[in-house]
Amino acid sequence: MIVSAHHEGSSTESCLNCPGVDMLDKEDVEVLMKYFKFSNTWIDSIFASLISPNQVELIQCDHEDIAKFINHSKSTLGFSLSHLNLNIIEYSVFKSFCIWKLVYHETSIAMKIMAQEHFEGVTSALRKYYRKESKMNDLEVATRIGDITLQIITVSNLYNDMIRLYHQIGVEF
């Protein structure tokens, strides 16, 4: 779990600098930290392996269950992301969606409201980006945002699988 430990520092910094986090209670911040950590470790690794397949290996692991999880992650989320062909702006939006829309842990109403505000703000910014930088019409923009948003289901399932795997192999998360 060297990768996980390496990303913990960047996850903490990113999470604590996110607008509104200072208004959340400790339990909500701990949940949000888990989502940042998962995103910075697993989602970034999958995305990096897509953009530099010859230079990035997700993880080399002798543990059979972890190796299965890696292969499953690459074949589900990796496959979907490769077909979406996200640019770095879209990937940033996708990652934000993943962090704020995962619902594995119980959170407060304040956290749910903040998550929705982040989702709406990021979606609005993406629409503005498309209007300025692309020739897509409103229907194409809506479809593209929908395609990106639908990946949250895959990410949520991977998060649940990761939690089960970590418990099974005795890794605390």
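The following questions and answers go through selected features of a predicted model.

Student: How many aromatic pairs does a search of the whole structure find?
Tutor: Rings of Phe, Tyr and Trp pair if their centres lie within 6.5 Å. Searched over the whole structure, the number of aromatic pairs is seven.

Student: Is the aromatic pair of Phe-47 and Tyr-91 stacked or edge-to-face?
Tutor: The ring centres of Phe-47 and Tyr-91 are 3.7 Å apart, and the angle between the planes is 10 degrees. Planes under 30 degrees apart count as stacked. The pair of Phe-47 and Tyr-91 is therefore stacked.

Student: Which parts does the pair of Phe-47 and Tyr-91 tie together?
Tutor: These two residues are 44 apart in sequence. Phe-47 belongs to residues 26-51 and Tyr-91 to residues 88-101, so the parts tied together are helix α2 and helix α4.

Student: Are Phe-47 and Tyr-91 buried or exposed?
Tutor: The cut-off for buried is under 20% relative accessible area. Phe-47 has 9% relative accessibility, and Tyr-91 has 6%. Phe-47 therefore counts as buried, and Tyr-91 likewise counts as buried.

Student: Is the pair of Tyr-91 and Phe-94 stacked or tilted?
Tutor: The ring centres of Tyr-91 and Phe-94 are 6.2 Å apart. Their planes stand at 45 degrees, so this pair is tilted.

Student: What separates Tyr-91 and Phe-94 in helix α4?
Tutor: An α-helix has 3.6 residues a turn, so residues three or four places apart point the same way. Tyr-91 and Phe-94 are three residues apart in helix α4, so their separation is about one helical turn.

Student: What is the relative accessible area of Phe-94?
Tutor: Buried residues are those under 20%. Phe-94 is buried, because its relative accessible area is 0%.

Student: What span should helix α2 have, and what separates its end C-alpha atoms?
Tutor: Helix α2 has 26 residues, and at 1.5 Å a residue it should span 38 Å. The separation of its end C-alpha atoms agrees with this, at 36 Å.

Student: Where does α2 bend?
Tutor: The bend in α2 is about 30 degrees. The residue at which α2 bends is Ser-39.

Student: Is the phi of Asn-85 positive or negative?
Tutor: Most residues other than glycine have a negative phi. Asn-85 is found in the loop between α3 and α4, and at 62% relative accessibility it counts as exposed. The phi of Asn-85 is near 50 degrees, which is positive.

Student: Which helix gives the most to the lining of the largest pocket?
Tutor: About 190 Å³ of space lies in the largest pocket. Of its 14 lining residues, those closest to the centre include Trp-100 and Thr-107. α2, α4 and α5 each supply at least two residues of the lining. With four residues, the helix that gives the most is α5.

Student: What separates the C-alpha atoms of Val-29 and Thr-107?
Tutor: Val-29 lies in helix α2 and counts as buried at 16% relative accessibility. Val-29 and Thr-107 are 78 residues apart along the chain, and the separation of their C-alpha atoms is 9.4 Å.

Terms used:
Residues numbered from 1 in each chain as written. Predicted model: local features only at pLDDT ≥ 70, side-chain atom pairs only at ≥ 80, totals over all residues. Heavy atoms only, no water. Phe/Tyr/Trp six-rings, centres within 6.5 Å; stacked < 30°, edge-to-face > 60°. Buried < 20%, exposed > 50% of the residue type's maximum accessible area, 1.4 Å probe, protein only. Expected span 1.5 Å × (residues − 1). Bend = angle between axes of the 7 residues up to and from the residue. 1 Å grid on protein atoms, 1.4 Å probe; cavity = no way out; pocket = protein on both sides within 12 Å on 5 of 7 lines; lining within 4 Å. Points joined across faces, edges and corners; volume = space filled by probe spheres on them.
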